[in-house]
Amino acid sequence: MAKQKDDTPKRVNIVNRRASYEYSFLAKYDAGMMLQGTEIKSIRDGNVNMQDGFCTFHPDGSLWVHNLSISQYTLGTYNNHEVKRERKLLLNKKELRQLANKTQEQGVTIVPIRLFVNDRGFAKLEIALAKGKKLFDKRDDIKAKDQKREMDRAREY
């Protein structure tokens, strides 16, 4: 893990805030990722964009993430990785079957919501089974957040 100046390990926690605005989450899963060497180094530097990311199943039953943009490693050589390549997600067979069955429903998709590095140094992607929100749902969420913010402000004074 990358070290900060005070020798504490830098925690990598990259969140897709747009996903929580666009979707309501039905279930969450932590998945490992198959990465190349320069990809994990870029993740530890925090150079990741998950805004347009989504997951699909390949015909062999494996789950892949698309449009997950991991910037090229600045110190990488000709061995640097592609920025927006497909990456395989690692889940248990039971979890893969559950996700495959649920995504057959209309309007349900799988989106990445958080990318983090665990205690052992492995990059994990938190994915969610999600259903798209309507415009009035988004308005309700914004209203609830504003009311919560006002309540917190009132408690401070």
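1. Arg-87 and Glu-39 form a salt bridge in which the closest N and O atoms are 2.9 Å apart, a salt bridge being a side-chain nitrogen of Lys or Arg within 4 Å of a carboxyl oxygen of Asp or Glu. The pair links distant parts of the chain, since Arg-87 belongs to strand S7 and Glu-39 to helix H2, 48 residues apart. Helices (H or I, at least four residues) and strands (E, at least two) are DSSP runs, numbered from the N terminus. Arg-87 is buried, with a relative accessible area of 0%, and Glu-39 is likewise buried at 0%, where buried means under 20% relative accessible area, exposed over 50% and partly exposed in between (1.4 Å probe, protein chains only).

2. On the basis of these values: this is a predicted model, in which local features need pLDDT of at least 70 and side-chain atom pairs count only at pLDDT 80 or more, while totals for chains, interfaces and linings use all residues. Residues are numbered from 1 along each chain as its sequence is written, and side-chain values use heavy atoms, with hydrogens and water left out.

3. Glu-39 also forms a salt bridge with Arg-85, again with the closest N and O atoms 2.9 Å apart. This pair too links distant parts of the chain, with Arg-85 in the loop between strand S6 (69–70) and strand S7 (87–90) and Glu-39 in helix H2, 46 residues apart. Both Arg-85 and Glu-39 are buried, and Glu-39, Arg-85 and Arg-87 are linked in a network of salt bridges.

4. A search of the whole structure finds 10 salt bridges. One of them, between Asp-152 and Lys-148, has its closest N and O atoms 3.5 Å apart, and both residues lie in helix H4, 4 residues apart, about one turn of the helix. Asp-152 is partly exposed, with a relative accessible area of 30%, whereas Lys-148 is exposed at 54%.

5. The largest nonpolar core has 26 residues, and Leu-63, Leu-89 and Ile-127 have the most contacts inside it; such a core is a set of buried Ala, Val, Leu, Ile, Met, Phe, Trp, Tyr and Cys residues joined through side-chain atoms within 4.5 Å. Among the elements that give two or more residues to this core are helix H2 (37–45), strand S5 (63–66) and strand S9 (123–132). A second, separate core of 5 residues includes Ala-19, Val-111, Ala-128 and Ala-130.

6. Leu-89 deserves a separate look. Not counting residues up to four places away in sequence, Leu-89 touches Ala-31, Gly-32, Met-33, Cys-55, Leu-63, Val-65, Leu-125 and Ile-127, with contact meaning heavy atoms within 4.5 Å.

7. Strand S4 (residues 54–57) and S5 run antiparallel and are joined by 4 bridges, two strands being paired if DSSP finds at least two bridges between them. The bridge partner of Thr-56 is Trp-64 in S5. S4 and S5 form a hairpin with 5 residues between them, and Gly-61 in the turn has a positive phi of about 95°.

8. Arg-114 lies over the face of Phe-116, at 4.2 Å from the ring centre; the rule asks for NZ of Lys or CZ of Arg within 6 Å of the ring centre and within 35 degrees of the ring normal.

9. Phe-136, in helix H4 (residues 135–156), is exposed, with a relative accessible area of 52%.
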